[in-house]
Amino acid sequence: MHNIWLIARREYRERIKTRAFLIATLLIPVLLGGLGFGSGFLAQRTKASAHIAILSDGSVLAQDLKHELEQGKDSNMRVDLESLDDATVARLNAQLKDSKQGLVGYLRVVPPADPQSRPRFIYRGRSASDIGTDTALKQAIKSVLMREKLTGRGMGLKDIDAMLAPVEIENPETGDTTAAFFGAYIMFILMYMVIMLYSMNTARSIIEEKSSRIFEVLLSTITPEELLAGKILGVGAVGVTQTSIWMSAAGLLGVYFAGSLSGSGGHSIVTVPQMLFFVLYFIFAFLLYSSIAAGLGATTNSEQELQQLNMFLVLPLFCCMMSLLTVIKSPDSTFAKVMSLVPFFSPLLMNLRISIGTPQPWEIALSFALMSVSIVAILWVSSRIYRVGILMYGKKPNLPEILRWLKYS
Amino acid sequence: MPIVQLDHIRKMYDTKVAVEGLSLTIEAGAMFGLLGPNGSGKSSTIRMMIGITRPDSGTIRLFDKPFERAALTRIGYLPEERGLYKKMNVLDQLVFLGQLHGLAATEASKRAKAWCEKLQIAEAIGKKTEELSKGMQQKIQFIAALLHEPELIIMDEPFSGLDPVNAALLMDTLLDQRKQGRAILFSTHRMDQVEKFCDEIALLYKGKLVLEGSMREIKSHYPANRVHVHFTGDSTFLQHAAVAKFENFGDTAEIVLHDGADPQLVLHQAVARGTRITRFEVMEPTLEEIFIETVGENVDA
């Protein structure tokens with residue numbers, strides 16, 4: 001035990017002293033906060049501002065649409081009204097091909113044969129993926145049509161506007177939904193980063209010791225198991241220190257802003273249980289991923305070789321990234337439940353579900369139990385690989401060789 | 001007290017036999033040479049001795065007790081593959097390695113400073129290891145092996161990469177350690193470097209012990225029948241009944257004597273005939289020559 005403590009303490013001291021630790025501790029939250037805040041700010045402030053043309057036979061509908069698109073609450077477009085004929089279509093097609101022109105698309109409003117039914121709307125855009133303009137058009141057309149229908153039934157403009165006004169949902173218990181969403185999202189990204197960073201640190205630390213040939217000296221008094229345990233504890237402790245600093249800072253900032261902003265209803269973006277779970281899930285995630293990383297580090301001789309193998313770490317994390325949207329939308333769906341119980345995904349997905357939903361306590365307990373079992377199993381395999389690998393220099397072993405290492409006594 | 005006892009140890013790596021049926025004993029206060037060309041199993045033997053690997057069969061006893069890990073803190077080891085933490089401060093590094101061998105931090109720090117003074121690298125103590133020259137790093141590693149005052153000192157190729165001045169400094173330190181009753185195990189393929197210091201040797205070749213015993217004993221089996229003479233004047237003393245053959249280079253000569261002949265008789269004849277002798281050396285065969293004679297082939301060491 002004493003040896004494990006010595007190894008862990010050395011690892012911790014040497015890492016915490018580095019400039020990289022200081023920079024990462026300060027910079028990562030600033031960057032993430034800036035990114036989260038910035039994109040949230042932009043998403044709220046930016047209105048669709050494209051320049052389009054509406055081709056019609058001079059109907060009132062087209063004029064209302066122009067008005068809605070230019071002055072509506074979600075859009076700030078520039079709209080030209082044109083007449084609906086083949087010459088104009090040809091001219092606009094030519095304009096679309098010329099990228100110097102600001103025009104991004106044109107909408108043809110084709111009057112219906114039967115005056116009671118809706119006109120046809122045909123849009124041609126420069127880009128097939130311009131979701132913003134597409135959404136703005138749909139919204140505008142919908143509200144213009146509704147307005148027209150309601151006016152037709154004899155309703156006053158004032159009443160219509162009052163009816164169409166956006167609804168504000170008050171949510172005094174959990175605070176602002178958007179803020180909570182961004183909080184959970186930033187925590188997710190942060191978790192992703194620290195898992196990657198610290199499991200890679202474990203692997204790097206092993207490679208560093210391997211390339212500096214220090215292992216022979218160390219192994220002359222301590223066992224490889226003690227060495228591996230000390231290393232994982234040491235690197236992990238640095239990670240816990242860093243995440244604790246972040247969480248405390250987020251907590252303090254949250255309290256500070258909650259006090260100064262009356263609008264948020266006194267709710268911090270990140271709650272105390274969320275912070276505790278973050279640190280707890282980080283610890284388990286780190287143990288799980290760094291056990292894999294230790295095996296990878298022991299079989300490689302250089303950073304470059306490690307890069308080729310780090311898909312073993314990235315792949316599970318990437319799966320979490322892919323299922324992020326689905327889980328955020330419906331955190332209590334079967335898909336989310338199953339995914340968040342997979343040990344490799346739990347630290348990201350179960351933690352996310354805790355931030356945004358209410359998973360059952362047994363689900364949380366089960367996720368920890370499953371992670372514990374996986375950690376023990378993976379550690380068993382990688383400590384065997386580690387024991388042999390750290391004294392193997394030179395050639396990178398192939399899979400049959402690594403499997404043979406498992407059998408060495 | 002026997003410090004190390006190996007009894008018929010054997011180690012295989014996959015299909016290659018690294019060490020086969022090796023038995024040897026190292027006594028306290030002995031300078032023991034584990035010799036042999038590269039790849040003869042020296043490092044494999046040492047690794048088993050200090051528990052980095054386990055023998056497939058055979059037993060190892062340390063300090064007259066069956067092998068136990070607790071005994072490892074009484075051993076100092078300088079591996080052939082030198083290694084230190086590059087980014088770590090020298091003093092921190094020595095204290096850390098000392099602590100791993102059971103020293104308290106303050107004691108380790110005190111001793112580390114004293115050793116750096118003694119080996120003339122006091123200025124290195126506050127620096128990072130990577131800032132030091134290779135020779136200095138070697139000395140740091142050497143100190144790390146001796147800091148906890150081990151009863152058995154294992155040196156695997158200790159002189160590789162050292163200049164003659166530093167090699168002599170380290171050798172003096174080791175001789176000093178022997179005087180204090182510590183056993184020293186030298187492992188090297190440079191037999192000429194250690195033969196004058198070693199009390200006992202074991203010669204390994206292809207994982208097997210080919211020659212073992214005290215230096216004197218081994219050499220006594222190989223007759224000292226060659227004489228190297230520097231002289232001026234009459235060279236007729238070379239035609240003596242004891243001389244099997246000779247080569248005369250004018251003022252020096254190489255003589256091979258008949259087995260059992262007394263070289264003193266040749267010297268006597270030279271003096272009697274008025275030849276001035278400036279040097280008269282009866283030469284024992286070198287370890288390398290003995291080794292080559294034993295294994296019966298030339299090996300590039």
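Tutor: α4(B) is mostly covered, with eleven of its 13 residues buried. Bear in mind that this is a predicted model, where local features need pLDDT of at least 70, side-chain atom pairs count only at pLDDT 80 or more, and totals for chains, interfaces and linings use all residues. Residues are numbered from 1 along each chain as written, chains are lettered from A and ligands numbered from 1 in the order written, and side-chain values use heavy atoms, leaving out hydrogens and water.

Student: What makes F231(B) count as buried?

Tutor: Buried means under 20% relative accessible area, exposed over 50%, partly exposed in between (1.4 Å probe, protein chains only). F231(B) has 3%, so it is buried. F237(B), at 0%, counts as buried too.

Student: Why are the rings of F231(B) and F237(B) called edge-to-face?

Tutor: Rings of Phe, Tyr and Trp (its six-membered ring) pair if their centres lie within 6.5 Å; planes under 30 degrees apart are stacked, over 60 edge-to-face, the rest tilted. Here the centres are 5.5 Å apart and the planes at 85°, so edge-to-face it is.

Student: How many aromatic pairs does that rule give over all chains?

Tutor: Eleven aromatic pairs. In one of them, F284(A) and F368(A), the centres are 4.9 Å apart and the planes at 70°, so that pair is edge-to-face. It links distant parts of chain A: F284(A) sits in helix α10 (residues 272–299) and F368(A) in helix α15 (residues 361–389), 84 residues apart. Helices here are DSSP runs (H or I, at least four residues), as are strands (E, at least two), numbered from the N terminus.

Student: How do you know that the charged end of R10(A) sits over the ring of Y85(B)?

Tutor: The test wants NZ of Lys or CZ of Arg within 6 Å of the ring centre and within 35 degrees of the ring normal. For R10(A) over Y85(B), the distance is 3.4 Å. The charged end of R10(A) also sits over the ring of F96(B), 5.7 Å from its centre.
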